Amino acid sequence: MCISGDRDDARMTSTRRMPITRCYDLGPTRLAVAAGRDDLLEGFERFLGERGGLDSGACTFSITIRTGGVEPVPDDAELLYSGPLQDEGDCSFARAGQRYFMSFPGEAQMVIDPVGRGADIVISPDSPRRASGSLVPIAVEYALDLEDQQVVHAAGLALPGERGMVLVSAPSGTGKTTTALALARCGLRFAADDVMVLRRERDGIVAWGLPRALNVHRDTAAMMPWLALPPEWNRLGEQSVPRRSIAPAVVLEDRELPVARLLLLQRGDRTAIEPLGATEMLAALAADNVRYSTAGLTPLQDRRFGMLADLARQVPAWRLTLPEGLEGVGMIATHLGE
Amino acid sequence: MNVITEDTVLAFREAASMQPLADGAVILLADSGQLYTANSTTEAILRHVDGQRRVADLAAALCEEFDIGLEAATADVIEIIERLVGEGVLGVARQDGQRTDA
């Protein structure tokens with residue numbers, strides 16, 4: 001069901017403007033996001049903007065964003081997680097019946113209703129930054145899951161020709177963005193630096209890249225002057241770079257392609273690529289992607305674990321060791337291209 | 001503490017989720033996030049754990065799959081099962097000798 005203006009108006013408290021709706025093409029998932037103000041949509045635009053432009057009549061999942069008072073989670077809700085999120089402070093995640101409640105106390109709350117194919121996000125007027133935080137990717141995860149699509153924390157690069165997609169997996173901070181950009185500069189086509197989407201098809205698992213803006217560290221920019229980034233860095237020494245802006249320095253890949261190889265990236269003293277067992281690959285993927293809770297796996301996380309297991313069963317895996325910097329990346333690109 | 005014997009019947013704990021693979025298995029304990037990798041022998045044992053079969057049945061199944069004698073298989077199964085129970089992957093469903101409904 002799609003968002004109508006009437007529905008949004010009925011729920012608005014402090015905002016009484018006509019809603020602005022953006023619609024995104026996420027493969028079989030068609031996402032509509034409506035808000036009373038343009039700035040409340042910035043988080044989704046940074047995450048999905050390149051896939052915008054759909055007709056709202058075709059959507060499969062609807063999200064509304066409004067400002068207002070954040071209501072308490074129902075008393076009967078089952079707490080699944082409570083604790084800090086990196087750079088975002090205290091958060092809780094709870095389930096009541098078929099609905100999920102993601103809350104930043106006093107600042108924002110998202111109620112996800114997978115059965116109703118929608119989510120409502122309420123942002124405190126004093127905390128507009130919440131509209132661009134973790135609420136965005138979590139909402140997208142639930143929207144994708146309804147069409148049996150799962151996100152995976154990995155960079156994606158297309159092999160030369162029509163030989164499929166390589167996924168580069170590693171925990172945050174290992175250098176996925178740097179490695180992906182360097183491999184793309186060596187001839188692979190760049191799909192995404194951090195988040196890929198998986199879906200089972202008859203002939204195997206296909207992947208496509210979520211087109212979120214890249215967070216490029218100043219050290220990466222120094223190694224890659226061809227990025228031609230302005231010297232404007234945040235407190236983490238990073239800047240947000242729209243994916244489209246790195247073309248034509250590298251070739252972008254927007255299509256979904258069969259996953260042909262899995263790489264588990266690690267840092268070491270020398271460049272090496274060696275076969276990796278399926279169990280070790282799946283254990284690494286699960287540790288980085290499957291969220292557990294005191295109440296066990298949610299159905300979405302259970303499906304994600306299953307998808308990652310299918311990936312590890314079907315696709316050959318390799319352990320890629322690279323020293324700091326770009327040494328050896330050209331050799332790896334050649335190896336992957338052969 | 002549970003003593004594992006040939007008559008012990010095992011079951012997966014509710015929080016344990018196993019994915020079998022060509023070279024073993026990955027087990028996730030969903031309530032703690034603990035991940036375990038299992039080799040092909042352990043995977044072969046776990047594949048037969050169903051809340052009904054005794055340790056002796058698991059050992060017999062292992063003998064069929066691998067070139068190993070029953071006595072050695074039983075000892076291996078008991079050792080592996082004790083470890084998996086200790087880690088919280090498996091629980092003791094019952095001791096068949098203690099059944100009262102037989």
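Trainee: Which residues of α3(B) meet α2(B)?

Mentor: This is a predicted model, and in it the α2(B) side of the contact is formed by Val55(B), Ala56(B), Leu58(B), Ala59(B), Ala60(B), Leu62(B) and Cys63(B). By class, the residues of this helix contact divide into 12 nonpolar, 1 polar and no charged. The partners that α3(B) contributes are Leu70(B), Ala73(B), Thr74(B), Val77(B), Ile78(B) and Ile81(B).

Trainee: Is the crossing of α2(B) past α3(B) left-handed or right-handed?

Mentor: As α2(B) passes α3(B), the crossing is right-handed.

Trainee: How much confidence does the predictor place in chain B, and what is its mean pLDDT?

Mentor: For the model, the scores are ipTM 0.89 and pTM 0.90. Within chain B, 93% of the residues reach a pLDDT of 70 or more, and the mean pLDDT of this chain is 91.

Trainee: Which element gives the most to the side of chain A that touches chain B?

Mentor: In the contact between the chains, 18 residues of chain A meet 17 residues of chain B. That side of chain A has 11 nonpolar, 4 polar and 3 charged residues, and the elements giving two or more residues to it are α6 (278-289) and α7 (299-314) of chain A. The one that gives the most, with 7 residues, is α6(A).

Trainee: Which strands are the edge strands of the open sheet in chain A?

Mentor: The sheet has 8 strands in the order β1-β2-β3-β8-β7-β6-β5-β4, with mixed pairing, and its twist averages 15° from one strand to the next. An edge strand pairs on one side only, which is the case for β1 (20-26) and β4 (78-85) of chain A.

Trainee: Which residue in β8(A) stands opposite Ile112(A)?

Mentor: Strand β7(A), residues 108-113, pairs with β8(A), residues 118-123, in the antiparallel sense over 6 bridges. Helix α3(A), residues 135-145, lies across both of these strands, among others, and runs at about 0° to β7(A). Opposite Ile112(A) stands Ala119(A).

Conventions:
Residues numbered from 1 in each chain as written. Chains lettered and ligands numbered in written order. Predicted model: local features only at pLDDT ≥ 70, side-chain atom pairs only at ≥ 80, totals over all residues. pLDDT = per-residue confidence, 0-100. Left-handed = near helix turned anticlockwise from the far one by under 90°. Helix = DSSP H or I, 4+ residues; strand = E, 2+ residues; numbered from the N terminus. Contact = placed C-beta atoms within 7 Å. Nonpolar A, V, L, I, M, F, W, Y, C, P; charged D, E, K, R; others polar. Pairing = 2+ DSSP bridges. Axes fitted to C-alpha atoms, helices over the stretch in contact; angles between N-to-C directions.
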